[in-house]
Amino acid sequence: LSYSPTELKYWDRAGLDKEVERVFDICHGCRLCFNLCPSFPSLFDSLAKHDDDVRGLTAAEKQRVIDLCYGCKLCEVKCPYTPRDGHEFQLDFPHLMARAKAIKVKESGIGLRERVLGNPDMLGRLGTIAPGLANMGSHNRLQRVVMEKVLGVHRDKKLPDFAAETFENWVARVGLPKAPENPAAKVILFPTCFVNYYNTAPGIAAVTVLTKNECAIACPKQNCCGMPALDGGDVAFAQKQARSNLQSLLPWVRKGYRIAPINPTCSMTMRREYPMLLGGDEAKEFAAAVVDPNELLFELKRDGKFNREVTANLVGEKLLKRLLRLGEPDTAAIRAGHANIRTHLDYIGWLAERHNWLAGELPCSWRERARGPGYWRRRASPTATGRPARRCRLARAPTSRAHRPIPRLAAPARSTSPRALA
């Protein structure tokens, strides 16, 4: 039993085979995770062919279960037998699958697809040299057929477009805001490969929001978190990337900074995988400093340091001042609150348009069929406007520009407010 590649027994093939049989047998008897990912249906279907005997599984059937695991770790959250629960079974299915992939790579070598996709920084640097040509190629049918034959990437898989300017280049061109004298928090912004090379808007918006909330922001040298390489079984390269990030960012952590990766996959990798990948107290110290951006903002809100540009200006001035007899409302603050609320309502409209259930349109087609046509239209409760809830969705002209959620949230931070309410 080993889940850390720093241990010698982690790389023992005989020990892995025994552990795979043990875990597969436990999962077969439990089946809580039957609907989480393709690995478990594949396991249960294969066991049905062998009278539910794990020992009857062929090497190909076991390998298929391993290959179908993509490391989402939902099963680890749902499983009652994990090390985190302190259970004697010490069952960690995703880490066991990662171990099996790593041993396969060690024995047989890493394939071209895993080598290429496991290095997003290389792909990003190449694609952003001439992003227009790279994007044209990723949408060209002939190019996609070739990519499918060479790399095994399906021709119909939607690929993200490379950004015209990377987030790193944007930071170098614009610069980060000057740190306040008494910052509410010290933050290392980890933009992640996707934000850096493909969609810089969330990174720029994060800088705007953190600046508005009086945070000191740093963006030192960093690279991919290592999760793509780890998923492909290339543990050595994942360790190299993790070690590089640790050496670059740990000195900042010791200055009181916290690491805020925009992508939750990177956040989970740094928190959960780095201590296992690298071992030692430094990796644990690094992992303890990682925080999700929304988690950081919630902590600021909890500590009374969050900038409330709508509620403080409207509720605080128009309601609380009157109830607490704190004087006359500040008309400039009220005007700023009215100006800021428009963007927030626009964002709520974007959510209602993209996520129909927020506007009352429930994804219950099977219920609608059972109840009869028009059931939900008849049962839809009216809103303040007197219209059925399921019809309260913002219509958008075909030529209008689609709203993006994080930039829309960042927009109020660019508005001019008569005062900073920290």
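A salt bridge is a side-chain nitrogen of Lys or Arg within 4 Å of a carboxyl oxygen of Asp or Glu. The model is predicted, so local features need pLDDT of at least 70 and side-chain atom pairs count only at pLDDT 80 or more, while totals for chains, interfaces and linings use all residues. Residues are numbered from 1 along each chain as its sequence is written, and side-chain values use heavy atoms, with hydrogens and water left out.

**Salt bridges**

- A search of the whole structure finds 18 salt bridges.
- Arg-302 is exposed, with a relative accessible area of 56%, and Asp-303 is partly exposed at 46%; exposed means over 50%, buried under 20%, and partly exposed in between (1.4 Å probe, protein chains only).
- Salt bridges that share partners join Arg-13, Asp-17 and Glu-107 into one network.
- Glu-107 is in helix α5 (residues 93-108) and Arg-13 in helix α1 (residues 13-30), 94 residues apart; helices (H or I, at least four residues) and strands (E, at least two) are DSSP runs, numbered from the N terminus.
- Arg-254 pairs with Glu-285, the closest N and O atoms being 3.1 Å apart.
- Because Arg-254 lies in the loop between α14 and β3 (258-261) and Glu-285 in helix α16, this pair ties together parts 31 residues apart in sequence.

**Helices α15 and α16**

- Helix α15 (residues 264-278) and helix α16 (residues 281-288) pack at about 175°, with axes 8 Å apart; axes are lines fitted to C-alpha atoms, for helices over the stretch in contact, and angles run from 0 to 180 degrees between N-to-C directions.
- The two helices are therefore roughly antiparallel, a label for angles over 145 degrees.
- Residues of α15 including Met-270 and Tyr-274 meet residues of α16 including Phe-286 and Ala-287; contact means heavy atoms within 4.5 Å.

**Nonpolar cores**

- The largest nonpolar core has 28 residues, and those with the most contacts inside it are Ile-259, Met-270, Leu-277 and Phe-286; such a core is a set of buried Ala, Val, Leu, Ile, Met, Phe, Trp, Tyr and Cys residues joined through side-chain atoms within 4.5 Å.
- Its largest share, seven residues, comes from α14.
- Apart from this core lies another, of 26 residues, among them Phe-44, Leu-47, Leu-57 and Cys-69.

Terms used
Angles under 35 degrees count as roughly parallel, over 145 as roughly antiparallel, 65 to 115 as roughly perpendicular and the rest as oblique.
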